[in-house]
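Keep the structure open while reading.

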Amino acid sequence: MIQKPKGTYDIYGEDGKKLLYVRELIEGLMEKYNYEYFETPIFESSNLFHRGAFETTDIVTKETYDFKDRGDRDLTLRPEGTASIVRSYIENKMYGNHTVPTKAWYMGPMFRYERPQSGRFRQFTQFGVEAFGSEDPLLDAEIISIPVNLYKLLGLKGIKVNINTLGDNESRNNYRNALIEYFRPHLDELCEDCKERFKKNPLRILDCKVDSDLDIMKNAPRTIDYLTDYSKEHFEKVKEYLKSMNIDYEINTNLVRGLDYYTHTVFEVEASVEGFGSQNVLCGGGRYDNLVETLDGPKTSGVGFAMGMERLMTALQYENVEMPLIKNIDCYVISMSENEKDFAIHITNDLRLNGFIVDMDYCNRNLKNNFKNADKLNTKFIIIIGEEEKKSGILTIKNNQTKEEYKINHDDVIDFLDEKIVE
Ligand code: HAM
């Protein structure tokens with residue numbers, strides 16, 4: 001038996017319905033925020049990711065799916081969405097002719113060669129947003145409000161918003177130097193990965209899961225002590241705007257995030273329900289005022305976040321969040337023999353075009369088995385088409401709940417069902 005690749009999963013049945021419900025809610029929310037929907041390829045030229053800005057992160061150095069196509073091109077399955085949206089923003093010259101800020105949202109599969117565990121997959125889906133062209137902290141606060149409002153709309157309660165700031169380039173450099181000085185005498189105490197991080201990007205040491213309980217980690221210098229006045233003010237404004245929206249948050253000074261492109265605000269929302277598991281970060285993001293330039297575009301600020309759909313769906317399941325899923329179909333159409341199938345499919349097609357949810361018998365079941373199947377499909381009405389019905393055009397319609405039977409001219413079926421189903 002062929003099995004799905006390690007770190008992937010199938011969705012079907014009720015889980016499929018739930019996912020579609022959540023996606024629809026996201027689509028509606030993004031409309032309210034006036035964000036534009038973007039789609040970009042799931043594979044990109046490898047050099048979009050394998051370059052300076054990303055080369056110090058595990059996601060790019062250890063986890064990308066890189067391959068050559070038959071034309072010998074170097075391609076990479078995207079490990080995240082931000083780089084692709086920035087590429088598209090630059091390639092389509094949106095900085096010149098688009099609305100400012102350009103506000104984009106996307107949803108699609110991402111690929112990381114990680115060690116699979118609960119909440120961590122090799123193919124997973126992210127819902128993300130990116131906004132370009134404004135340094136205003138209003139936009140940072142708006143971005144944080146998106147996942148918070150989505151969770152509110154869904155009825156998810158056990159969440160915690162963690163925020164921090166890395167500041168502008170000057171603040172980041174000051175902080176970087178302070179970290180180098182602080183960690184240099186303690187290098188022997190750090191794990192092998194952190195020793196590497198010390199050389200390439202000391203900020204990432206704070207993000208280490210292995211060393212996180214060490215005292216030297218807990219007492220490490222804090223970003224907020226190295227901020228320039230501008231960076232301080234930016235962060236104060238973000239906090240003020242979050243308060244204006246009644247969004248609760250905690251400041252976590254060790255929050256630096258796994259990707260290296262961030263400046264100023266960084267944030268994560270975690271599921272704070274006990275026992276949720278170690279992969280409890282539902283979403284994360286922040287500001288990245290240098291990334292567009294690093295990817296060969298004009299100097300343009302950016303801010304965004306991405307949310308793992310799998311972790312969101314698990315959190316909803318964990319909290320037993322009810323969703324208004326469609327459990328019934330409107331109509332089940334039965335033809336009594338081969339001769340009535342043409343009329344049955346005509347009626348079925350017509351009803352579907354008029355907005356009804358309709359299924360039919362495709363298996364030549366006898367009447368008894370058809371009634372059983374109708375129950376299994378939770379149908380509200382059954383339409384039975386025999387020789388007589390086809391000849392006269394008068395259909396036999398049965399209410400599957402009350403078992404009442406009606407004789408309705410086929411021209412009046414839509415009106416009849418409209419009336420009955422509203423009842
Ligand atoms: P990230 O923190 O790498 O950020 O991923 C964002 C979210 O994607 C995580 O919080 C998590 O929910 C989900 N996620 C990541 N890896 C996996 C995995 N292997 N399996 C399941 N879920 C996963 C980014 O990707 C940035 N591009 C976010 C961003 C957008 N920053 C600014 N704009």
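K380 is partly exposed, at 23% relative accessibility; the class runs between buried (under 20% relative accessible area) and exposed (over 50%), with a 1.4 Å probe and protein chains only. Its salt-bridge partner is D330, at 3.3 Å, N to O. A salt bridge here is a side-chain nitrogen of Lys or Arg within 4 Å of a carboxyl oxygen of Asp or Glu. The pair links distant parts of the chain: D330 sits in strand β12 (residues 329-335) and K380 in strand β14 (residues 379-385), 50 residues apart. Helices (H or I, at least four residues) and strands (E, at least two) are DSSP runs, numbered from the N terminus. D330 is buried, with a relative accessible area of 8%.

The model is predicted; local features need pLDDT of at least 70, side-chain atom pairs count only at pLDDT 80 or more, and totals for chains, interfaces and linings use all residues. Residues are numbered from 1 along each chain as its sequence is written, and side-chain values use heavy atoms, with hydrogens and water left out.

The structure holds 27 salt bridges. Three of them are listed here.

| Pair | Distance, N to O |
|---|---|
| D330 and K380 | 3.3 Å |
| E192 and K195 | 3.1 Å |
| R87 and E44 | 2.9 Å |

The bridge between R87 and E44 spans two elements. R87 lies in helix α3 (residues 82-91) and E44 in strand β2 (residues 43-45), so the pair ties together parts 43 residues apart in sequence. E44 is buried, at 7% relative accessibility.

E192 and K195 both belong to helix α7 (residues 192-200). They are three residues apart, about one turn of the helix. E192 is exposed at 60% relative accessible area. K195 is partly exposed at 24%.

Which charges remain as a surface patch? D411, D412, D415, D418 and E419 form a negative one. Patch residues have over 30% relative accessible area and no salt bridge; like charges are joined within 9 Å, nonpolar side chains (Val, Leu, Ile, Met, Phe, Trp, Tyr) within 5 Å. Asp and Glu count as negative. D411 is in the loop between β16 (405-409) and α15 (413-422). D411 is exposed, with a relative accessible area of 60%.

At the domain level, the assignment gives domain 1 (13-168 + 228-318) and domain 2 (329-422). Such bounds come from an automatic or database assignment. The C-alpha centres of domain 1 and domain 2 lie 48 Å apart.

Notes: Accessible areas come from the Shrake-Rupley method with a 1.4 Å probe; for residues, only the protein chains shown count as cover. The place of a charge is taken as NZ of Lys, CZ of Arg, CG of Asp or CD of Glu.
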